[in-house]
Amino acid sequence: MENNNKGELSRRKFIGIMTGVPLVLSVGAPAVAAGKMISPPEALKPIPPKMAILKEEELLEKPKEIVYDGFPAMIFKKGNEYRAFSRVCTHLGCTVMWNEAEKRFECPCHGGIFDEEGNVLEGPPPKPLTRLKAWVENGYVMVQEEVV
């Protein structure tokens, strides 16, 4: 016989809750653990490769298309400073093109536009282009993805 007093918990509801909580925990805890294994913490992710891209004298003041770790990239030299960016759009992975006249990257797929520093100017991309660290070592321009 069930008690009809408001605010009181029936025996049937109490037993239902007491069996439901462990059931939820037994399914939820392994799911959370599996998620952590699939996405390891930043400290355990591999260090991006350092690559020699071209000889120092091959890079003049004009931007040059390169390939870094199998992906299209672009490198610039301004004075003694080198800047490099992945050309993979942060929206859906299309290859952005450099527009020299406008001094910006343009994505032909969905209209994303990035400035010469890789920052989003307009369109759907959620974040800037991936910046690559660039420097000269033993006469070669070296490139490595920046670890943030």
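## A guided tour of the predicted model

Begin with the second largest pocket, which holds about 190 Å³ of space. The model on display is a predicted one. To outline this pocket, select its lining residues: Y68, D69, F71, P72, A73, S86, V88, T130, L132 and E145. Strand β3 (residues 71–78) supplies three residues, the largest share of that lining.

Next, select strand β4 (residues 81–86) and strand β9 (residues 131–137). These two strands run antiparallel and are joined by two bridges. Within this pairing, F85 faces R131 of β9.

**Salt bridges**

The structure contains seven salt bridges. Because R83 belongs to strand β4 while E117 sits in the loop between β7 (113–115) and β8 (120–122), the pair ties together parts that are 34 residues apart in sequence. R83 counts as buried, since its relative accessibility is 3%, below the 20% limit for that class. E117, at 34% relative accessibility, counts as partly exposed.

Move on to R87 and E65, whose side chains form a salt bridge of 3.5 Å, N to O. This pair connects distant parts of the chain, 22 residues apart: R87 is in the loop between β4 and β5 (97–99), and E65 is in strand β2 (residues 64–68).

Then select E100 and K103, which form a salt bridge with their closest N and O atoms 2.3 Å apart. E100 is partly exposed at 38% relative accessibility, and K103 is likewise partly exposed, with a relative accessible area of 39%.

**A nonpolar surface patch**

Finish with L9, F14, I15, I17, M18 and V21. Together they form a nonpolar patch on the surface with about 580 Å² of accessible area. One of them, I15, lies in helix α1 (residues 11–38). I15 counts as partly exposed because its relative accessibility is 48%.

How values were computed
Residues numbered from 1 in each chain as written. Predicted model: local features only at pLDDT ≥ 70, side-chain atom pairs only at ≥ 80, totals over all residues. Heavy atoms only, no water. Pairing = 2+ DSSP bridges. Helix = DSSP H or I, 4+ residues; strand = E, 2+ residues; numbered from the N terminus. Patch = residues over 30% accessible without salt bridge, like charges linked within 9 Å, V, L, I, M, F, W, Y side chains within 5 Å. Areas by Shrake-Rupley, 256 points an atom, 1.4 Å probe, with all protein chains shown as cover. Salt bridge = Lys/Arg side-chain N within 4 Å of Asp/Glu carboxyl O. Buried < 20%, exposed > 50% of the residue type's maximum accessible area, 1.4 Å probe, protein only. 1 Å grid on protein atoms, 1.4 Å probe; cavity = no way out; pocket = protein on both sides within 12 Å on 5 of 7 lines; lining within 4 Å. Points joined across faces, edges and corners; volume = space filled by probe spheres on them.
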